[in-house]
Amino acid sequence: MARSLLRFAKKMVETWGLSGVMFDQATITVHKTSGLCFNPRHSHRPDGQWQSLTDALIGTKEYLRGRFGDEAILADESLWDLATEWTDYTSDWATIGDEHLAPFHMAFPRARQSIKCMGQKAMLNRIFTSGYWIELYLEEGAARLRDYPDLTAYLQSLAEFKKRFARFFNRRDTYLHDMYVEARPAEGAWVRIHRSGNEALVLVTQRDGRATKLDLTLDTRAILGTGPHRVVIYSRTLEERGSRSDDSGKIIAQIDVPAEDFVALHLTPAASR
Amino acid sequence: MRKTVPWTATVLGFAHLFCVGGHGQTPSARPVPAPGRDSKAIELASGPNLLQVDRETGRIALISADGRTLLGEARGRGPFRLHLPLPDFEAHIIEAHLTRPTVEASGSTVRLNYAHLLGKRGPTDVGAEVTIRSTQDGGFELNCRIHNDTQTTIPQIFFPWISGFGKIDSDADQVTFGHSAFKPWQAWRTPPDHLFMQYRGQPSFEMLAGDGYKAGIKWMDWSGVAAGASLFAKQREPVTQFMLASADGYGRDTIDLAWYFYPFVVPGSSWQSPTFVLYPHRGDWHYGILKFKEFADRAFTPSPSTPVRDENLGQQCVWLGWAYQDWRDTPTKFKDLPAIAAEARRAGIRELSLLGTFNYFRLPHTILSPLGSDEDFKKAVEECRAAGVNAVPIISCRLINPETLPARSDSAEWFVENIAGQTLADNWSYHPDMIPRLPIRQIGSYAAYYACEGSMQWRAAYFDLLKKWSRPGG
């Protein structure tokens, strides 16, 4: 067995030229066994299975980093708190829905979790505006992007947007979810706040992709602290759509969200712009 | 869009509020009349929040968040319970509140000592100490130490157990976990139609902290819109544990929140709980998770990123081969991957996640040959990388078909066993033309057992060799 798995390891890096691996079920199957193992042949305690899994994954990451440095990839299915220390991203079956996974990402704003999407723009926008990686799953993984030129163009615009505002995604300090913002009408409004340093990015879309007009009230004091603030409104394609300034601790803005699209509000201290 | 909360209770505002409380009056434990009782309770203050401990039972008698009562009387169970099986009564549980503790209150701390906890048949040789400390920032830290001087192993301990949280705002009050939520007023309004084990009518809802799809953090929060309380463990270690919500019955007006472990405390040894934080707050669960984040920021270091990953949109998931497909007809082969990668790269995607690359759940791991040769795969991976895209195969490492273990392997040592010594199995086999699509019950090629990472053979064969291999010339 040892020889065969050593062969596998060698194949992984030499025969197949891989710099990373994604372990299916490594992270999530603790719950399949209740995290308890009573096998008397093992030295761990009955509640030690989760620790054993952790040791194994840390060892794997050490191996991969030893070989490939920062380019090494260890990806898993879903996340738990400590796994954020070695998981580069996930491939899992979490759904965006109403974003029930928000508490985890408020606690771990730099964790990279992927959420599958078959290409529907309203869903893409909910995933993207909440800061998750998009796991494109076209026709259940069978389709090619060449057959989806409109989607390709849309994704290109998301990539450009993310490049412009990268610090508010995987490098954010705080994910505030929908705190400190009031949207009218509230029904279907999807507003997500990402803070990095003394700036924040507020992303606004509509849950089901309908075009909508929203009155947004941002509690800028709660989001960034006291002081005058300025907000610049951007379209998905990075066109400026206006700005507001205020030193009262609140900024009110009327936002037109196009169908199947989103709008961004870049919030900064007034003096920094 | 959730309802908004008063903006006076902001992240920054909270910090300010608690500083005022902390500097203005140093919280100290003090006796106060317990509601409806002759005895006294001990009160701790933390910022604007209060917690009272009932002297007679050690149960928490009051929790309030800035004047809003969340728990109003000592009732039910608490502050811990444990399982001490007896030879002729294996389900024997010790309920801490049935033993009167010795209470010490000093400064910001209350200590409850239990020399000989009472079981159903009288005093036992199990001792315990519970401490509750005001952290002066709105929170309270709870610790428990159990010492087992009996001749019996204690397999399970519940700590903390806090009974009597009332309704906060509406039937939409919820217990929130890392990836999910549970609404007890709605779920437990009436008994379910099925009657099995319902004769005592004690509903409960458990959540494994390590469940990456539903929790993933050792934190839960009981909140409405305007107030609530978070309970979390300040613990990095991945120790198996469950969070619990329960009630005395269906249609009741209070719930209990608890936590439990399976430490198997052997005779003569002790168990120390992790430090728990009880954090009452104004506002919904968001305010509780931000308190947990303060701990998470200190305790965990996120996996470092790279500039490419920071700007990457994500990955494209590609199914190369369904498990039982017609292998004479594989529409996507390894040679197609570079073109797929180039299309992904144009769209801003820098990773391909490859499903169906390897012979899932079977050893040794080999690529599925109808998709191409090893050389084809390597060439494809390299060309993807040249296009700026990592092609990363998804590999199963925990589920292993026992028939594929190497010869002379001690097969019993590889796998997880439950308390009855049974292996645990799954059959993750699927095909879009089959009904059901998953699992396909009539084919066993992918049926597998869960390997345990504590298996020396599994570890030696897999990860330890990976580690050795990382050394030059290894």
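Trainee: Which residue does Met22(A) stand opposite in S26(B)?

Mentor: Good place to begin, and remember that this is a predicted model, where local features need pLDDT of at least 70, side-chain atom pairs count only at pLDDT 80 or more, and totals for chains, interfaces and linings use all residues. Residues are numbered from 1 along each chain as its sequence is written, while chains are lettered from A and ligands numbered from 1 in the order in which they are written. Strand S1 (residues 20–24) of chain A pairs in the parallel sense with strand S26 (residues 390–396) of chain B over three bridges; strands are DSSP E runs of at least two residues, helices H or I runs of at least four, numbered from the N terminus, and pairing takes at least two DSSP bridges. In S26(B), the residue opposite Met22(A) is Ile394(B).

Trainee: Which helix of chain B gives the largest share of the side that touches chain A?

Mentor: Contact here is C-beta atoms, placed from the backbone, within 7 Å. By that rule, 117 residues of chain A and 106 residues of chain B take part. Ten residues on the chain B side, the largest share, come from helix H7 (residues 456–469) of chain B.

Trainee: And which element gives the most to the side of domain 1 of chain A that touches domain 2 of chain A?

Mentor: An automatic or database assignment sets the domain bounds, with domain 1 at 2–167 and domain 2 at 174–272 of chain A. Their contact takes 17 residues from domain 1 and 19 residues from domain 2. On the domain 1 side, five residues, the most, come from H4(A).

How values were computed:
Two residues are in contact if their C-beta atoms, placed from the backbone, lie within 7 Å.
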